[in-house]
Amino acid sequence: MARQREDKARRNQQATRHPLLIYYNMGKRYRAPGMLLMVMGLLLFLPSFISELESNIAEPAALARLGAVVLLVGLAFWLFSTLAIRRSYVQCNPDLFVIRTPFYRVLVSYRRIRQYQPVQVGQVFSRKELKGMGKPLIRPLLGMTAVEMQMKSWPAPKQRLRRFLGNYMLAPQGEAWLFIVPDYSVLIRQLDAAIQQKLHEEKGGAVGYEDPIERLKYYQG
């Protein structure tokens, strides 16, 4: 049993993390404003240390307080940018399909998946209908191919998923996820392999039963 758990943990570590390009684009948009705000915040501290920079408009202490606020806002932007770029991905783990965003994670049983197929992003989202934040996030990706994963059932209420993940992770038509990743073909092949392996195990393959609580350790982080 210990060897079986080690084999499953090793397969989990080897699973590819496919970056979600929507969040990658979002992270890039927040990074520059975050850096700019941090620089501005630091500049507002300078009159407190360099008397030549003092002015009659505001006291150095007031400017320092304002600088602290601006600096914290910039740091928050930068932190979100970093998390969006580095911690947003999908991954075919041995037991479950993992969807990870900066502040939210969804674990999907392979049994819930009906089918999956490549789709053109430009056919799912119309360029003319993109509004607000959708324009900078989706427009650069319209020429790419995504993976549409149609579901038999959802791991959580669909409206809750849409509220936490936004409108561009779920297909606007039908009951399906939409994953825009750098290489859709690799994700499809790994889905094939993971589902086949899971079916093999459920039919009495080499990997035996493991307590569900024990399996949670594979999905930390």
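Tutor: Rings of Phe, Tyr and Trp (its six-membered ring) pair if their centres lie within 6.5 Å; planes under 30 degrees apart are stacked, over 60 edge-to-face, and the rest tilted. This is a predicted model, in which local features need pLDDT of at least 70 and side-chain atom pairs pLDDT 80 or more, while totals for chains, interfaces and linings use all residues. Residues are numbered from 1 along each chain as its sequence is written, and side-chain values use heavy atoms, without hydrogens and water.

Student: How many aromatic pairs does this rule give?

Tutor: The count is eight. Phenylalanine 80 and phenylalanine 103 are stacked, at 5.9 Å centre to centre and 20° between the planes.

Student: Which residues form a cluster through ring pairs?

Tutor: Tyr30, Phe77, Phe80 and Phe103 are linked in this way.

Student: Are phenylalanine 80 and phenylalanine 103 buried or exposed?

Tutor: Buried means under 20% relative accessible area, exposed over 50%, and partly exposed in between (1.4 Å probe, protein chains only). Phenylalanine 80 is buried at 18% relative accessibility, whereas phenylalanine 103 is exposed at 63%.

Student: Why is the pair of phenylalanine 125 and tyrosine 168 edge-to-face?

Tutor: The ring planes of phenylalanine 125 and tyrosine 168 stand at 70°, with centres 5.3 Å apart, so the pair is edge-to-face. Phenylalanine 125 is buried, at 8% relative accessibility.

Student: What is phenylalanine 179 in contact with?

Tutor: Contact means heavy atoms within 4.5 Å. Leaving aside neighbours within four places in sequence, the contacts of phenylalanine 179 include Leu20, Val90, Phe97, Ile99 and Leu187.
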